[in-house]
Each structure stands twice: as C-alpha cells, then as structure tokens.
Amino acid sequence: MLEVRGIETFYGNIPALRGISIAVPAGGVVAILGANGAGKTTLMKTIAGVLRPRSGTVSFLGEEIAGLPSHRIVRRGISLVPEGRAILSRMTVRENLEMGAFTRSDAKAAGRDMDLVMERFPVLKERAGQLAGSLSGGEQQMLAIARALMSAPKLLLLDEPTLGLAPLVVADIFAIIREINATGTTILLVEQNVRQALKDSSYAYVFETGKIALSGPSRELLQEPRIKASYLGQ
Ligand code: ATP
C-alpha cells in the first residue's frame, strides 16, 4: 500500500533521514522503533507531507505523493496523529473532531463517521461539549486518534501514541490500535514501547541516526539478541 524508497530528508544542511526504504502492506501494522533522534518523527512527517524529502520516492496505492501538500495527502487517505497529540485545547471535543473532517466534501458521510467515532470512544461522546484541554492525557490521545479517523484514512500514522501515559492507559491505547486495524485501517506505528509494538505488529524497522539498522518480521525481532539487549532489557 505504501512504499517509501531511498528517502533523504534534511533540516537545513543536517540530514535526518539518510536513504530510508520501508514498505507497509494493506491491512497490516508496521512498527518503527529506535532511540530518540533516530529520525522516526521525520519519517512520519515526510510521509504526511509536512516535510519535503530532498530525494527518494513515496508511493501510496501506486501513486507518487512525495512533495504533495499535506491536505492533499489526507484526501488520498493518509492521516497523521502527531507526537504530542496537537489537540486544540480551547476547543470542545466535538469541535476537535469536526476539524478532523475538514478535507471531506461529503458532509453526510462525515456525520456518519462522527457517530461511529463517538460509538468507538464512549468517553469522547460523554465529553463532547467539554473543552479538550480538560481531558486526561489518555483521553486527549484518544481524541487525537479519533480526530485522525474523521478523515476516513486508509493508512493511519501514529507517532508515539502512548508517550507519557500510565501503564493501564497504554494498554487501552494498544487495544484501540488493534481494533482500528481489525476494522480495515492499515497502521504505521512509531513506538518506544518496543515489546508491545512488536507483539502488535507484523513487521518492524529499527532506526539509528537516520538509517535502518535492523528490520524483519516482528515475531523474529522479539527473539533478536540486539533487540533484546538494547530495547527489551534482557
Ligand atoms: P524522538 O523520539 O525524540 O521524536 P525521532 O526518532 O522521532 O526522535 P526525529 O524527531 O525525527 O527523531 O529527529 C531526527 C533528527 O533530526 C535529530 O537529530 C533531531 O535533532 C533533528 N531534528 C528534528 N527536528 C528538527 C528541526 N525542526 N530542526 C533541526 N533539526 C531537527
């Protein structure tokens, strides 16, 4: 579904991605792992059209999307839940969700998706009229994910969705990710929670300073000595 080939992305003269190639099959969950500063967020922003790669290609459903503005990439079916959530804290939960549908031309379909999202996240339905800033961290993350679903994405990009959340809430977020995938949405997931990310994905890439240091089926990476030593504390 998504094929990234030989991507190089720079901040000024500093390379953050030095020739990254990844593939995400339709219906799958693919994980991106790696230390802080390895380039994971830069990859997500490059795919979503927030950053423009200096070279390389990004093909989505057979069409080249690298360099397109982000709203057009959203229309093609890719939605990013950014690191840090970026919800609009002085707007209500419902208003935040409406913002997620801004690229939709079919108001009826967007209305149906609002109902579906409210059903999937009962806590957001209960708090639809509250200011988003009054939600807990986990609820804000759910709102950020729900907002991304309002554009009816085929591919959902999740950048560190469990960062800073309590263990029980982390488990809730992973359950939501599995559910979203089970209903047919393909997922590319950046995670610090390596063990759970490998359990819930079929394939994973490990980034190191802008390059892929290691990749393979997630089940195999769980047994890989380098992963065990560096990320699983074994
Ligand atoms: P983290 O988990 O900390 O978000 P990451 O793997 O997502 O890490 P990136 O945020 O993609 O890493 O950063 C990759 C590199 O690019 C790092 O060296 C970082 O310092 C640098 N970088 C990121 N954003 C900028 C920016 N706006 N300007 C300059 N350099 C940046």
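These numbered points cover the sheet, the helices on it and the nonpolar cores of a predicted model.

1. Start with the sheet. It is open and has six strands, in the order β6-β7-β8-β3-β9-β10. The pairing is mixed. Strands β6 (78-81) and β10 (211-217) form the edges, and each pairs on one side only. On average, neighbouring strands are turned by 15 degrees against each other, direction ignored.

2. Look next at β3 and β8. Strand β3 covers residues 29-34, and strand β8 covers residues 186-190. The two run parallel and are joined by four bridges. In general, strands of a sheet pair through backbone hydrogen bonds.

3. Two helices deserve a look here. Helix α1 (residues 40-48) packs on the sheet and touches β3, β6, β7 (155-159), β8 and β9 (203-208). Its direction makes about 150 degrees with that of β7. Helix α6 also packs on the sheet, touching β6 and β7. The direction of α6 makes about 165 degrees with that of β6.

4. Now the nonpolar cores. The largest has 46 residues. Leu97, Phe121, Ile145 and Leu156 have the most contacts inside it. Helix α6 (residues 137-149) gives the largest share of this core, seven residues. A second, separate core has 26 residues, including Val24, Met44, Val58 and Phe207. Nonpolar side chains tend to be buried together in soluble globular proteins.

5. What does leucine 156 touch, leaving aside its neighbours within four places in sequence? Its contacts include Ile145, Ala148 and Leu149. Ser79 and Val81 are also among them, as are Ile180, Thr185, Thr186, Ile187 and Leu188.

Conventions:
Residues numbered from 1 in each chain as written. Predicted model: local features only at pLDDT ≥ 70, side-chain atom pairs only at ≥ 80, totals over all residues. Heavy atoms only, no water. Core = buried A, V, L, I, M, F, W, Y, C linked by side-chain atoms within 4.5 Å. Buried < 20%, exposed > 50% of the residue type's maximum accessible area, 1.4 Å probe, protein only. Contact = heavy atoms within 4.5 Å. Pairing = 2+ DSSP bridges. Axes fitted to C-alpha atoms, helices over the stretch in contact; angles between N-to-C directions.
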